[in-house]
Amino acid sequence: MNFTIEKKCTDTSARLGILNTDHGSIETPIFMPVGTQGTVKCIYQDQLKNDIKAQIILGNTYHLYLRPGIDLIEKAGGLHKFIAWDKPILTDSGGYQVYSLSNMRKITEEGVSFKSHIDGSSHFLSPEIAVDIQRVIGADIIMAFDECTPYPCDYHYAKKSIQLTHRWLQRCFDRFNNTNGKYGYNQTLAPIVQGSTYIDLRKKSAQVISEQDALVYAIGGLSVGEPAEEMYEMTAIVTEILPQDKPRYLMGVGTPANLLESIALGVDMFDCVMPTRNARHGLIFTSEGIINIKNAKWKTDLEPLDKNINCTTSNVHSRAYFHHLFRTKEMLGLQMASLHNLTFYLELMQMAREKIKDGTFFQWKNSFVTKLQARL
RNA sequence: GGGGGCGCGCCGGAGCUGGAGAGCCGGGCCAGACUGUAAAUCUGGUGACUACGUCUGAAUAGGUUCGAUUCCUAUCGCCCCCA
């Protein structure tokens, strides 16, 4: 596994690169659809590959460990085989669930005790267990087990938290380096920068994380409710410090505008539930702006949803049809909207790559961001 | 033709048999939220107005009463039973 930078912008920190894994190459900057439970919700694998042209998808350690359980995944020969997806996979470690299930867990030095959100049963994740589970799941890129702090987070807590995350990080690498992949291909462990919205903590964390010899470096603990400006500020501070020749993965981000702004700051990889969750809730990203397809104004609009995106559903089907499917709560509406939003995100990344190649990224980004945020 | 029952919000249901909430529960409708997925979810609004308040309202028109959605009379509409 390796990463090559093909071109660097001169007017921003944006870069064009290729990340090679044993399941194929990933062109960066890239958006990775989230498939928490072994599925990108509402999307079939064929569509993911052929329509959306996803190059890599996510899975989640905590959710897959609870269901279907790692014994079954091992028996199936790993997650790739279980879900029949032969391209790269990245798994989150369960660190995000430390944040999102905060009312059902307890953190200690050793790890985190969870009450299952499904049946209330007790479970325990530690850095070692999270690595072991991710060895069994068999993702190409696996994430360190960290604490994702909430926003706002007081300085004292955030400082203690990065110290814990850094100790956990070493334990993750120790376990990772003393074990092997189970299925004959390579895995890589990605460390995660934390530090909430504090400049000195972010710098410190970025320095500690950079000391690890890794292929991918992640930035976590952002897009948890802080203003976008603070997110950009923290990202800029961290990308200054992280190794320049390795991909940076900004976890959980974000809106189309967030992606373009972060690419300009030197971020290469993104994931977010926004395109899929918002699609299921009727919010659609188009080349002209954001549409809430459930709104009455679309009821009789027979124009295609978005002619400018190369998407089999939104080129063909009208806004009125999408509206109708949502009004009648038909499942096809959720599928079509999810397909569209993901196609939109992946095409946005492809455009960004082309503009970086052309050397016109900066001006294109600035003119495009306003359009993306318009509310139709 | 005779007897009985029922009519309040956009719709359905609950509740009220003298002290009326512009008001309960669903649904619909109108909006909003969603950022390493406890999310096909959640939140708010849905009589009028001169709008932190005021007014009108229980099929329609009268009546009794300090006070009526509730009791009485008539009319209209719907449902059930008998002929």
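**Exercise 1. Helix 10 and helix 14**

Task: In this predicted model, describe how helix 10 (residues 256–264) and helix 14 (residues 361–373) pack: how are their axes placed, and which residues make the contact?

Solution. 
- Step 1. Start with the general rule: a pair of packed helices is described by the angle between the axes and the distance between them.
- Step 2. The axes of helix 10 and helix 14 come within 9 Å. They cross at roughly 160°.
- Step 3. Angles over 145 degrees count as roughly antiparallel. Helix 10 and helix 14 are therefore roughly antiparallel to each other.
- Step 4. Find the handedness. Helix 10 passes helix 14 in a left-handed crossing.
- Step 5. List the contact residues. Helix 10 brings Pro256, Ala257, Leu260 and Ala264. Helix 14 brings Phe362, Lys365, Phe368, Val369, Leu372 and Gln373.
- Step 6. Sort them by class. This contact has eight nonpolar residues, one polar and one charged.

**Exercise 2. Helix 12 and helix 13**

Task: Find the angle between helix 12 (residues 319–327) and helix 13, and say what class of packing it gives.

Solution. 
- Step 1. The axes of helix 12 and helix 13 cross at roughly 130° and come within 7 Å.
- Step 2. That angle makes helix 12 oblique to helix 13.
- Step 3. The crossing of helix 12 past helix 13 is left-handed.
- Step 4. On the helix 12 side, the contact uses Phe322, Leu325 and Phe326. On the helix 13 side, it uses Leu332, Gly333, Met336 and Ala337.
- Step 5. By class, the contact of helix 12 with helix 13 has six nonpolar residues, one polar and no charged.

**Exercise 3. Helix 7 and helix 8**

Task: Are helix 7 (residues 155–177) and helix 8 (residues 199–210) roughly parallel or roughly antiparallel?

Solution. 
- Step 1. The axes of helix 7 and helix 8 cross at roughly 5°. They come within 11 Å.
- Step 2. Angles under 35 degrees count as roughly parallel. Helix 7 and helix 8 are therefore roughly parallel to each other.
- Step 3. Ala158, Lys159, Ile162 and His166 of helix 7 meet Leu201, Lys204, Ser205 and Val208 of helix 8.
- Step 4. The contact of helix 7 with helix 8 divides into four nonpolar, two polar and two charged residues.

**Exercise 4. The backbone**

Solution. 
- Step 1. Recall the general rule: most peptide bonds are trans, and most residues other than glycine have a negative phi.
- Step 2. The bond from threonine 28 to proline 29 is cis, with omega near 0°. Proline 29 sits in the loop between strand 3 (24–28) and strand 4 (30–33).
- Step 3. The bond from arginine 67 to proline 68 is cis, with omega near 10°. Proline 68 is in the loop between helix 2 (61–66) and helix 3 (70–76).
- Step 4. Now check phi at cysteine 42. Its phi is near 75°, a positive value in a residue other than glycine. Cysteine 42 lies in the loop between strand 4 and helix 1 (45–51).

**Exercise 5. The whole chain**

Task: What radius of gyration does chain A have, and does it agree or disagree with a compact globule?

Solution. 
- Step 1. Chain A has 14 helices and 17 strands.
- Step 2. With 376 residues, a compact globule would have a radius of gyration near 21 Å.
- Step 3. Chain A has 20 Å, which agrees.
- Step 4. Along the principal axes, the C-alpha atoms of chain A fill a box of roughly 60 × 50 × 40 Å.

Notes. Residues numbered from 1 in each chain as written. Chains lettered and ligands numbered in written order. Predicted model: local features only at pLDDT ≥ 70, side-chain atom pairs only at ≥ 80, totals over all residues. Axes fitted to C-alpha atoms, helices over the stretch in contact; angles between N-to-C directions. Helix = DSSP H or I, 4+ residues; strand = E, 2+ residues; numbered from the N terminus. Parallel < 35°, antiparallel > 145°, perpendicular 65-115°, else oblique. Left-handed = near helix turned anticlockwise from the far one by under 90°. Contact = placed C-beta atoms within 7 Å. Nonpolar A, V, L, I, M, F, W, Y, C, P; charged D, E, K, R; others polar. Rg over C-alpha atoms; globule rule 2.2 N^0.38 Å.
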